[in-house]
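Work through these exercises with the model open. Each task is followed by a stepwise solution.

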Amino acid sequence: MSEERKTLGSEKEPTKNTKAQIRLPIILALAISAGIWIGATFAEPKTDHNDLKAALYKLQEIITYIDRDYVDTVNTTELVEHGIEKMLEELDPHSSYIPAKDAELAQSQLDGEFDGIGVEFGILRDTIYVVAPLTGGPSEKLGIQSGDQIIKVDGETVAGTGVTNRDVFDLLRGPKGSVVNVAIKRKHQADLLDFAITRDKIPQYSINASYMINDDTGYIKITRFAATTYDEFKQSLEDLKAEGMTKLVLDLQGNPGGYMGAAINIADEILADNALIVSQKGKVNRYNQKAYAMRPGVFEDGSVVVLINEGSASASEIVSGALQDNDRALIVGRRSFGKGLVQMPIDLSDGAELRLTIARYYTPSGRSIQKPYGDNPDEYSMDWINRFEHGEFFSADSIHFNDSLKYQTTKGRTVYGGGGIMPDYFVPMDTTMTSAYVNRLFGTDTHREFILDYLEDNKKKFENMSFETYYNDFEVSDKMLQEVIAIGEKNKVKFDKKAFEKSKAYLKILLKAHMGRNIYDDNAFYKVINDINEIYLQGIKLFDEAEKLAFKQDAVSE
């Protein structure tokens with residue numbers, strides 16, 4: 001499946017299309033009141049071209065009559081866009097249409113880089129502020145700092161204008177080598193500072209953390225499966241092995257997926273040669289393929305614990321399912337999302353993109369882990385609420401599998417299909433420290449506002465502080481919490497004393513983790529936050545079980 005190494009975590013990378021392929025989705029978009037169901041058989045499609053031609057002619061008739069005779073003037077382009085979206089809703093939850101204005105931004109999330117000024121930003125009090133300049137980027141080189149507020153872009157005032165995240169992307173991103181002029185307000189300086197920033201290639205990383213937990217255990221956090229994820233992962237493995245890693249914690253919690261090729265290559269670094277990783281089956285024979293481990297992997301020996309939860313989907317489930325079915329890793333956490341459909345991105349002639357489901361994927365044991373989907377897309381996307389209300393997040397006994405969907409791993413363990421990857425070791429959700437009050441504080445970016453002000457006022461305190469000292473000795477004080485409460489009330493988050501007392505210790509850890517990220521890096525954030533991550537804390541206790549699994553694998557292979 002060499003070509004599949006280039007595919008999108010249940011989606012394929014964009015491919016060049018013939019003129020007929022490009023036109024077809026646009027013509028189909030004329031379906032205003034009717035949808036065309038694309039069947040899901042495994043045989044080569046038998047299309048009645050006369051019926052298709054008649055259907056397309058009917059749709060063309062409808063849009064022509066609307067454009068010519070409808071009582072009011074209509075925007076036929078918008079009508080077609082709406083028609084496309086409603087038509088795709090009749091297929092499955094993951095076939096989607098991305099308008100031209102959004103396609104480039106959507107693709108950049110998976111490309112591993114984009115052209116821009118190189119800042120992490122937020123919006124506070126209707127003003128763009130710099131969370132942090134990205135290391136090595138043009139903004140850092142010019143001296144732009146955390147906490148700087150962007151007041152003007154190319155002479156136009158953007159503060160206090162209702163600016164959105166999308167507006168920021170449009171304003172600050174642009175072709176490499178182009179120049180954008182920004183006027184910045186910096187704390188303790190009366191006048192605006194003017195910067196002419198030459199845009200450049202800005203890398204995006206999907207390995208958010210990679211570090212040694214102790215002398216022999218490494219930790220890698222993957223947040224998505226993008227174009228550069230495999231290279232980042234392999235480098236992290238090599239670096240951690242050089243530091244003495246013989247045990248690996250692979251954290252896929254909350255990872256929504258991405259390129260299938262990245263998932264396959266990552267599994268290949270852990271699985272022995274010729275192990276089946278994933279297969280896919282579609283209506284069209286050319287989409288029926290299998291991927292095997294093909295190369296000597298960096299970490300084929302040593303025990304592995306994989307962390308998943310209800311937010312782990314798509315490519316995350318490909319990796320988890322491959323390692324579980326091959327008895328190569330112990331899966332710890334809660335049942336994953338359940339996305340087992342493969343999309344192929346198709347570039348359309350106007351710059352828009354169609355992501356069309358062309359196959360289902362199956363784990364090595366033969367499981368389809370796609371959860372059921374009906375006619376209500378909201379019900380599908382909000383399935384986690386049903387899981388929560390039925391107690392699934394708190395007890396494994398609340399999860400019932402159909403015996404007809406029972407499968408066997410390579411060494412005879414029982415696993416189930418029918419919706420997500422069920423972990424080998426279930427970890428209930430811990431809600432004892434959380435509260436709606438803390439969620440509201442973080443939902444309004446109150447914590448960011450406090451951290452930026454606090455670090456600006458206490459620069460010298462942290463200038464020469466090592467992370468080890470920060471981790472072991474620094475504590476968020478009660479006085480700091482009172483400042484957070486005050487900023488929250490200014491942001492219309494009403495103080496809730498009961499909820500605050502319940503979540504006080506939790507709030508301190510959250511603030512310390514986010515502050516650590518600002519001072520140091522993402523590794524600092526995860527080292528702090530994992531101290532209250534119930535799945536992580538349980539996972540690192542289970543290496544005896546993971547080692548038994550690895551030993552069993554080795555013993556049989558001999």
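Rings of Phe, Tyr and Trp (its six-membered ring) pair if their centres lie within 6.5 Å; planes under 30 degrees apart count as stacked, over 60 as edge-to-face and the rest as tilted. By this rule the protein has 17 aromatic pairs. The model is a predicted one.

**Exercise 1. Find which charged residues sit over the rings of Y470 and F337.**

Step 1. Start at Y470. The charged end of K512 sits over this ring, 5.7 Å from its centre.
Step 2. Move to F337. K371 lies over its face, at 3.6 Å from the ring centre.
Step 3. Return to K512. This residue is among the buried residues of helix 17.

**Exercise 2. Describe helix 17 (residues 497–519): where is its kink centred, and what covers its buried residues?**

Step 1. Locate the kink. Helix 17 bends by about 65 degrees, centred on S503.
Step 2. List buried positions. They include A499, F500, S503, Y506, L507 and L510.
Step 3. Identify the cover. It includes helix 12 (436–443), helix 13 (446–457), helix 14 (459–463), helix 15, helix 16 (478–490) and helix 18 (522–529).

**Exercise 3. Which residues touch the most other members of the largest nonpolar core?**

Step 1. Name them. In this core of 60 residues, they are I220, I222, F225, F233 and V306.
Step 2. Ask which element gives the largest share. Helix 8 (residues 260–268) does, with six residues.
Step 3. Examine I222. Beyond its neighbours within four places in sequence, its contacts are S206, I207, T229, F233, L250, D251, L252, N255 and I266.
Step 4. Separate the other core. This second core has 47 residues, including Y437, Y470, V484 and A546.

**Exercise 4. Trace strand 20 (residues 341–347): is it mostly covered or uncovered, and how many bridges join it to strand 21?**

Step 1. Judge burial. Strand 20 is mostly covered, with six of its seven residues buried.
Step 2. Find the partner. Strand 21 (residues 353–362) runs antiparallel to strand 20, and seven bridges join them.
Step 3. M344 stands opposite L356 of strand 21.
Step 4. Inspect the turn. Five residues lie between the strands of this hairpin, and G351 takes a positive phi near 95 degrees.
Step 5. G282 lies in the loop between strand 16 (276–281) and strand 17 (289–292). It is buried, at 5% relative accessible area. Its C-alpha is 9.0 Å from that of V342, 60 residues away along the chain.

Methods
Residues are numbered from 1 along each chain as its sequence is written. This is a predicted model: local features need pLDDT of at least 70, side-chain atom pairs count only at pLDDT 80 or more; totals for chains, interfaces and linings use all residues. Side-chain values use heavy atoms; hydrogens and water are left out. A nonpolar core is a set of buried Ala, Val, Leu, Ile, Met, Phe, Trp, Tyr and Cys residues joined through side-chain atoms within 4.5 Å. Buried means under 20% relative accessible area, exposed over 50%, partly exposed in between (1.4 Å probe, protein chains only). Helices (H or I, at least four residues) and strands (E, at least two) are DSSP runs, numbered from the N terminus. Contact means heavy atoms within 4.5 Å. A charge sits over a ring if NZ of Lys or CZ of Arg is within 6 Å of the ring centre and within 35 degrees of the ring normal. Two strands pair if DSSP finds at least two bridges between them. The bend at a residue is the angle between axes fitted to the seven residues ending there and the seven starting there.
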